[in-house]
Amino acid sequence: MAVNLLLGLQWGDEGKGKIVDVLTSNYDIIARFQGGPNAGHTLIFDGHKHVLHTIPSGIFHETAINVVGNGVVIDPVIFQKEIDNLAKFNLDFKSKLLISRKAHLILPTHRLLDAASEASKGKAKIGSTLKGIGPTYMDKTGRNGMRVGDLELSDWKDKYKALAAKHIKMIDFYEADIEYDLDELEIDFFKAVEDLKKLTFIDSEEYLNSAMKAGKTILAEGAQGSLLDIDFGTYPFVTSSNTTAAGACTGLGVAPNKIGEVFGIFKAYTTRVGSGPFPTELFDEVGETMSKVGHEFGATTGRARRCGWLDLVALRYAVQVNGVTQLMMMKGDVLSGFKTLNVCTSYNYKNEEVSHLPYNIEAHNVTPIYTELDGWEEDLTQMTSVDTLPKALLDYIKFIEDFVEVPVKIVSVGPDRKQTILR
């Protein structure tokens with residue numbers, strides 16, 4: 001058996017949580033492979049809205065096992081709040097939610113470091129969510145980090161205290177004006193750690209490879225989006241992990257030849273949260289309409305998302321880097337009512353037209369070149385089959401497919417899991 005991947009192809013917020021929820025019934029195991037609680041996967045069904053930050057999006061399905069992989073960084077405090085918020089659903093976390101011993105822990109001082117670092121940058125800040133994720137990955141690569149498996153050791157608090165003391169010295173180095181009460185933060189942290197230790201820790205790479213040999217089906221879900229990848233995103237305005245397909249191999253301990261289908265999710269337009277270049281960003285009424293109709297606010301931070309036309313140059317780049325085999329288009333319903341639509345099909349890059357994503361796409365280097373397509377007036381939210389979709393939408397989808405050379409297999413026409421059309 002192979003592991004199928006589900007990835008975001010833009011700057012995150014593409015709607016991965018909904019699609020994982022839709023697909024989960026086809027899989028025995030849902031595995032999260034990277035990122036931290038800065039991700040917010042939103043699921044809407046049966047009149048309820050659920051926002052998951054660390055727990056995989058298959059948790060609401062009775063038969064699915066959910067694995068938090070070694071590539072994820074876990075904040076015990078946020079993790080416990082997430083579990084508490086799901087308490088009313090009587091979910092069996094002990095047997096349904098498994099955590100890799102090799103996953104790294106976000107300490108309270110990681111969050112303080114994040115805040116101090118961002119504050120010291122002034123206007124050059126990168127738009128961190130201040131969850132401590134960057135500093136945690138820095139400790140991971142610096143070989144200083146604490147992992148979930150350390151909590152099974154009798155002296156884990158000694159290791160914690162040594163690392164926290166190092167962080168305090170680093171915070172002082174930044175000379176940033178941040179206020180904090182570490183004693184109070186540690187009370188919450190130590191309590192959350194004790195709750196975390198009640199869950200099931202596993203050697204996830206062994207578990208997943210054994211599951212494949214046993215014929216189990218696995219769907220790996222990523223967080224954020226491909227354009228936020230630490231290597232292939234719009235650096236330095238990126239996240240601290242590999243959000244692309246390769247990250248699933250290192251974040252789960254799965255060999256490249258075990259990867260099967262790669263599902264790529266994108267919005268029918270483009271959004272971005274925080275700082276960083278965004279060639280097709282709109283600053284007019286069209287952008288405001290997209291934001292309002294699409295409810296474009298971060299599931300985790302509440303920050304308003306910047307909105308713009310679909311960037312096919314960037315989308316084709318993400319398809320190429322990930323080896324995407326199937327596309328899933330989200331929020332087509334948000335574009336209803338626009339008489340015409342623009343899609344970016346190339347860039348003017350330093351006075352030369354290019355059709356690839358160049359090294360630097362800051363506004364002073366790049367101007368988008370658009371192709372205009374017909375829009376549609378119809379409300380898509382009640383449509384349930386392909387043959388009910390307006391011709392202009394089908395033409396829009398066909399244009400995208402021809403440009404990136406990958407088929408669009410799912411069209412989402414609303415936030416509910418039922419508002420999903422298969423092609």
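Predicted model: local features only at pLDDT ≥ 70, side-chain atom pairs only at ≥ 80, totals over all residues.
L98 stands opposite T200 in strand β9. Strand β9 covers residues 200-202 and pairs with β7 in the parallel sense. Three bridges hold that pairing.

Now look at β7 itself. This strand spans residues 97-100. L97 and I99 point one way, while L98 and S100 point the other way. All four are buried. Strand β7 also has a partner in β5, residues 65-68. These two strands run parallel and are joined by three bridges. Here N66 stands opposite L97. So β7 pairs with β5 and with β9, because each pairing needs at least two bridges.

The buried residues are K16, G17, K18, I19, V20, D21 and L23.

Side chains of opposite charge can pair when their charged atoms come close. D13 forms a salt bridge with R305, and the closest N and O atoms are 3.3 Å apart. D13 lies in the loop between β1 (3-8) and α1, and R305 lies in the loop between α10 (285-293) and β13 (306-308), so the pair ties together parts that are 292 residues apart in sequence. D13 is partly exposed, because its relative accessible area is 25%. R305 counts as buried, because its relative accessibility is 10%.

A second salt bridge joins K331 and E296, at 2.9 Å from N to O. This pair also links distant parts of the chain. K331 is in the loop between β15 (326-330) and β16 (340-349). E296 is in the loop between α10 and β13, and the two residues are 35 apart. K331 counts as partly exposed at 21% relative accessibility. E296 is buried, with a relative accessible area of 0%.

These residues belong together. D13, K267, E296, R305 and K331 are linked in a network of salt bridges. The whole structure holds 17 salt bridges.

The side chains of D402 and K398 meet in a salt bridge, at 2.8 Å from N to O. Both residues are in helix α12, residues 391-404. They are four residues apart, so about one helical turn separates them. K398 counts as partly exposed, at 45% relative accessibility.

Charge also gathers on the surface. D181, D183, E184 and D188 form a patch of negative charge there. D181 lies in the loop between α6 (156-174) and α7 (182-196). D181 is partly exposed, with a relative accessible area of 42%.

R272 is found in strand β12, residues 270-272. R272 counts as buried, because its relative accessibility is 1%. From R272 to G308 the sequence separation is 36 residues, and their C-alpha atoms are 8.7 Å apart. Y370 is found in strand β18, residues 366-374. Y370 is partly exposed, with a relative accessible area of 31%.

Technical notes
Residues numbered from 1 in each chain as written. Heavy atoms only, no water. Patch = residues over 30% accessible without salt bridge, like charges linked within 9 Å, V, L, I, M, F, W, Y side chains within 5 Å. Areas by Shrake-Rupley, 256 points an atom, 1.4 Å probe, with all protein chains shown as cover. Salt bridge = Lys/Arg side-chain N within 4 Å of Asp/Glu carboxyl O. Lys, Arg positive; Asp, Glu negative; His and termini not counted. Charge placed at Lys NZ, Arg CZ, Asp CG, Glu CD. Buried < 20%, exposed > 50% of the residue type's maximum accessible area, 1.4 Å probe, protein only.
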